[in-house]
Amino acid sequence: MTASDAQPHGFSTRAIHAGQDPDPRTGAVAPAIYATSTYKQDGIGGFREGYEYSRSANPTRTALEECFAALEGGSRAFAFASGLAGQDCVIRSLLRPGDHVVVPSDAYGGTYRYISKVAAPWGLEHDIAAVADVDAVRQAIRPGATKLVWLETPTNPLLGIADIAAIAEVTHAAGALLVVDNTFASAYLQQPLALGADIVTHSTTKYSGGHSDVVGGIVVVKDGTTTAYAEDAAERIGFHQNAIGGVAGPFDAWLVLRGLKTLAVRMERHCDNAEEVVEHLLRHPAVSQVLYPGLPNHPNHVVAARQMRRFGGMVSFRLHAGEAAAVAACGATRLWTLGESLGGVESLIEHPARMTHSSVRGTALEVPADLVRLSVGIEDVADLIADLDQALDQAHDQASASAHARP
Ligand SMILES: *Cc1c(COP(=O)(O)O)cnc(C)c1O
């Protein structure tokens, strides 16, 4: 089965089969890890199926790229050594110095660092917009200069929601391309290309790989996408992937491919568990606010319900007792692991202001200090809730002890 004839199949069928025929020689069902840098040529230039050198193409990477293109409904996909390597390739393939990009106000910290510290000195201009508000995006677009609108939805760590279809319209009206970083939702919960986006990126380190054992990135391009300079976008990105060289190695590509096979069942369980954790936190006296797109009082709940299958495994909450309590809670869990990253089978807890988002402190992207972010894993949810409770109790005791200790 090839990626193209897999297209009419359901999501999980594509995840398990697209790009991954059993090996014609041995019948091996699992794709092989082609740990090779080069390929024997049948006479000079006689490449077998186009394979020449593994920066340019490797069969394990090809399998992942075909599978991802089928999952996101794109024509081509390109696999990278990290999510940021993929984003860098998108920016440098599609834009030129002097071009302008609109960036979300709560973009992934590494994305903002890349735009402001790497792309800006190279000559890229940018403005920040609160992408939950379509008008804010419209106002940030500089007609003629804006070539790209970068979107993340849900956002990290505030779980804001941007209306992909509405922003695609505004973006295209200005002659720009819409890129959606779909890492938080995963390809299973949200399909940006079908909603009007031109390009989708993922950090496959997160839900796609799903087991916290690999760092990787993917870029998927919609069929027929042309750059602002009227070049074929997939061709440009493919050229730059090879010319810059930040490709996924065969073992990393294989791990992501293996993760994708269970993406749908994992996401369903992540969502089940997240919903129960949210319900519990809403009733907890120490919690002042729960941020989750599935809550009817989330400002863009209606948009989330329209464009997402379910609302995902990421939950953030704020504590009445402030920063000290948030820090204490993060340090007091036993089952939830204190750590950065997200999207693995194991539950993680972190303090964005001091960890994932410390690099945006003092900027427009700064996040509240009393905020705790959860990546809800697929363990038994009763165990997760019991551990959160004991951590919040400890945090409460510590916060009141230090309050009483004040002179
Ligand atoms: C992790 C992450 C990235 C960066 O990906 P790496 O694989 O760490 O390079 C980009 N966007 C989002 C939303 C992420 O969570």
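This is a predicted model: local features need pLDDT of at least 70, side-chain atom pairs count only at pLDDT 80 or more; totals for chains, interfaces and linings use all residues.
## From the ligand to the cores

A polar side-chain atom of Lys206 sits 2.7 Å from a ligand oxygen, and an N or O atom in the side chain of Ser203 is 2.8 Å from an oxygen atom of the ligand. Leu84 takes part through its backbone instead, with a polar atom there 2.9 Å from a ligand oxygen.

Now turn to the nonpolar interior. In soluble globular proteins, nonpolar side chains tend to be buried together. Here the largest nonpolar core has 88 residues, and Leu281, Leu319 and Leu374 have the most contacts inside it. Helix H11, spanning residues 263–283, is the biggest giver, with eight residues in this core. Because domain 1 (3–261) and domain 2 (264–405) both contribute residues, the core lies between them.

Beyond its neighbours within four places in sequence, Leu374 is in contact with several residues, including Val277, Leu281, Met314, Phe317, Trp336 and Leu388. There is also a second, separate core of 27 residues, with Ile91, Tyr112, Leu124 and Trp150 among them.

Finally, what about the cysteines? The disulfide count is zero. For Cys271, the nearest cysteine sulfur belongs to Cys67 and is 19 Å away. Cys271 counts as buried because its relative accessibility is 0%, under the 20% cut-off. Cys330, at 4% relative accessibility, counts as buried too.

Note on methods
Residues are numbered from 1 along each chain as its sequence is written. Side-chain values use heavy atoms; hydrogens and water are left out. A nonpolar core is a set of buried Ala, Val, Leu, Ile, Met, Phe, Trp, Tyr and Cys residues joined through side-chain atoms within 4.5 Å. Buried means under 20% relative accessible area, exposed over 50%, partly exposed in between (1.4 Å probe, protein chains only). Helices (H or I, at least four residues) and strands (E, at least two) are DSSP runs, numbered from the N terminus. Domain bounds come from an automatic or database domain assignment. Contact means heavy atoms within 4.5 Å. A disulfide is a pair of cysteine sulfur atoms within 2.5 Å. A polar contact is a pair of N or O atoms within 3.5 Å; within protein, one must be able to donate a hydrogen and the other to accept it, and residues adjacent in sequence count only if both atoms are side-chain atoms.
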